[in-house]
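This report walks through some local features of one protein model. Please look at the sequence and the structure first.

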Amino acid sequence: MHWVDTRKSEATAHAQDPVLRRAANELLAIKDDRQALINAQAQDRLRTFFASFLYQEHVNGYFLIAPDGTSLASSRDSNIGTPNLLLAQPLMFARLLNGEPLLTSLVRSDVSLVDSNDIRENVTNFAAAPLRDDSGQVIAILALRLFPERELFRLMGFVEAPDSAAIYAFNRRGALLTRVSDLDLMRRRGIWRQGQDHLLLQPENNDRYPPHLGRLVLPVRQALRGYNASDIAGYHNYAGDKVVGAWHYFDDLNFGVITEQPYDEAFAPAAFLHQVTLAAFAICSTVVVLIFWWMMMLGRRMEANRRRLAATLNASQDVNFLIDTEGRIQLANAALKSLFGVAPELGIGQSITRFVDLGNRREASLRRGALRALARETQQNGLLRCEGICDNGSRKPIAIQVEPLSNDQTSALEYLVVVHDYSAVERREKELQDALRRAESGSRTKSSFLSTISHELRSPLLSVIAALELLAERAKDDDDRSLLVSSQRSGQLLLGLIDDILDYSRMEADNLELTQQDVNLERILSDVIAMLKWQAHANDVALVPFCDPYMPIFVGDGLRLRQIILNLMSNAIKFSANMRQPGRVEVSLRSQPAGDGQMYVILTVRDNGIGMTQDTMQQIFQPFTQADGTIRRKFGGTGLGLTISDRLIKMMGGHISVMSDPGSGTEFEVKLPLDVSKTVLPRAKPLDQKQILINARNSDIADSLTRYVHSAGGRSQTVKPAALDAAGIAKLPRPDLIVLEGNSQAPKPDDALLSAFSEVPVLAIAPPGNRRPDLIEASETRGIPMAGLPTSAVLPSEIIANIVDLLGDAAEGQDQIKDTEQDRRLLLVEDDDMTREITLRMLNQLGIPADAVINGEEGLNQWRSGRYSMLLSDCHMPIMDGFQMASEIRAEEGRRALPKTPIIAVSADMTMEIERLCQDSQIDEYVPKPLTPGKLRTLLQVHMPGSLDGTPLTS
């Protein structure tokens, strides 16, 4: 039939469209989440794709169906994520999954097409075709909902028939599917009711049959029994009229056709009767020919399907049972003998529970409602594992799948039960589980050993590094100092190696957990720069940081965030050193909204070092991997730093990317989604419209300084050194402070600027080692307040704090220093003898009077004397640790209304939630060991201002 072939071709063509294939792949990935399916963007693309077909009423709707029968997409949201209507036709659904496009049977629609329960108004069928992936595998089914009344029935002449003849269709229940001329008559008689199915029943008290309302008319009754024929002797139709007619039932499409003509008209006077008879004969002959042709085609197809099904079942190694609703076996394939030891013919008539044991499940009876429940469960969840019972009484593991086979969508008459032998699967699962347990045990043993030995090595090494730095600062001979610095650098490399091994062993053992606490990313970046600035200075590498001044407090693992930044910056410094041009490492922290109380933190680390090839970038995140052997020999390292960073970033839900060219440097970008803390940073405006003049040679640093000044409420004007002349300077507004950026070796056109504004405070920013003696001299001779910072300190808090100090009253500051100078004593709380001795020597070298105790209890008692301006404490000590001591001090300060004493925690602990514990104990700052003279000097400048004799302009 041309219409059938056309509709199948249309469905097949749509199923091959890339739009539908992409949508099917996207939706299959979220098949089990109904809300996600409904909200998927693929739904909008599909509705756009089918919009014109729906608008023109070429189709009445569409479905994308998963292989398990779930509706992945539909023109109606209510159908999405639910079992599809086609599951009620399992054999047709199986043919679709086998790759055959077809037209489905006529059924009642699963949603009312109009406000009526009459099947005539709700009859539907589908043109369906499989969707295949690139390998030819069927991944989904496309079903287009059709209009049988508007297309199929109209093509066969059902909508309008001549007054003297009637052609109408019916379904397997005998319900009318098409329109008839005497519909109103039947309703007036009360036989048919508006909005309900119209059954083709024999009327009461007719001439041929006794009264019986529940009996279908002759053509329907005969057709449903499989007899497709005609009757010219006459019979009474649904309206009680005596007629002659022919009929045929089409099983594949699930509907029958009746052609009738009134009996009197068919047997009128001779001439007329002859003509009518010839016409009726011609009509019937035509119908019979059409029916015969259609039956022949359907018969061939059904026979081919039967042969294909029989071959499939016999070739299958799985047992296939065809059972009735009582669980009795109607058919079994040859695999029954190999799996259960019973010949297929001997299994017929037995209960399926003879072979399948579901244990204590409610569905164990495998009959009626239990079968329906199992069919739903296996359709939704896949195979159900249970036990099989062999002929000799032994048991073996099996898995079953239950498929209902029905004539309509309301009830199943038979069920197909497929039984899979799971003996080999269970054996392989047990072998894999045993192998996994052995591997996990070995991995835990190895990682536990590495973790323990790494931690034991780390503690004494920290003391060695601190001692070497202390000796290097005291050494007077250049050769001795160089040797000590080299030894200290080797110690730092060894410490990094131990830390990498420690973290990698935890990751391998799945013992690494992220803590959640408030973190200040600017502070973390500042700590990392303080750790690396000496390495950068020694290798002639400039550090240029930037941090968004409006960045909030985040919730995350501060220790691991520090580790990520440290690994990336350390690598950048290492691979930028000893190049033809001066090394340069730029690091920036920015944020952008992400929604749902989160923001993306974007970390960028860019260097001008040796760069990488494309092949190298493909493997740098693999453990123990570097570009080649020469890299390890020249630069050192284990190749673990990036591996650890990559895993930490993924644990936080983020992503790392890299761009590089050989000889042109490398750029890493990390994007992390972090929750915004409820703790809000105070956004003070300490500059209060102060005019800041920025004279910077580096445009990036100038932009950073401008943003920092504006965030603090100040105003700024940026000038380029090369553009400074007398005329240009005269046009400048008088500034409240000048910021100079550049080194002492560069030409100094800013001399004219300083002369023009000789009374204005100056903040000088220069690379480490460039102290600008010209500015120091100007400060001493003119009495101008001046301060110096290295380029590595260009961060919001550092810059604004120095500007505010320079703008303050210097004289008042000096008086305050004199008043408090007399009480600058420090208390050291440390239980390790070597660490305690080295720290006391460093304090003595810095001129800081200090006392030492060995645990928190002694520290608390000493603090109560009131003689100490600052406490420097280890975290883990016997009797009372540093956290307990700090909590006791803060509680006592609150009870006695005492001023807050700065408490600094120093620890080698790299595993515990150290920063959260410090925060809970109200410790002011945490510094990871080793505690070097540089770190100690910085701590004293922040928490004991004025305690040191003096600090250089840059460090």
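Ser792 sits in the loop that joins strand β29 (786-790) to helix α26 (796-807). Helices (H or I, at least four residues) and strands (E, at least two) are DSSP runs, numbered from the N terminus. The model is a predicted one, in which local features need pLDDT of at least 70, side-chain atom pairs count only at pLDDT 80 or more, and totals for chains, interfaces and linings use all residues. Residues are numbered from 1 along each chain as its sequence is written, and side-chain values use heavy atoms, with hydrogens and water left out.

Leaving aside neighbours within four places in sequence, Ser792 is in contact (heavy atoms within 4.5 Å) with Ile529, Lys533, Leu543 and Pro545.

Burial is given as relative accessible area: buried means under 20%, exposed over 50%, and partly exposed in between (1.4 Å probe, protein chains only).

| Residue | Relative accessible area | Class |
|---|---|---|
| Ser792 | 6% | buried |
| Cys390 | 9% | buried |
| Cys547 | 1% | buried |
| Leu405 | 16% | buried |

A disulfide is a pair of cysteine sulfur atoms within 2.5 Å, and by this rule the count is zero.

Leu405 belongs to strand β16 (residues 395-405). Not counting residues up to four places away in sequence, Leu405 touches Pro90, Leu91, Leu322, Ala412, Leu413, Glu414, Tyr415 and Leu416.

A nonpolar core is a set of buried Ala, Val, Leu, Ile, Met, Phe, Trp, Tyr and Cys residues joined through side-chain atoms within 4.5 Å. The largest has 45 residues, of which Leu525, Leu568, Met569, Leu603 and Phe668 touch the most other members. Among the elements that give two or more residues to this core are α17 (521-538), β19 (541-547), α18 and α21. A second, separate core of 42 residues includes Val59, Ile119, Ala140 and Leu177. Beyond four places in sequence, Met569 is in contact with Leu525, Val528, Ile529, Leu532, Leu543, Val587 and Val605.

Helices α18 (residues 558-576) and α21 (residues 641-651) have axes that come within 10 Å and cross at roughly 145°. Axes are lines fitted to C-alpha atoms, for helices over the stretch in contact, and angles run from 0 to 180 degrees between N-to-C directions. Residues of α18 that meet α21 include Arg560, Ile564 and Leu568, and those of α21 include Leu642, Ile644 and Leu648.
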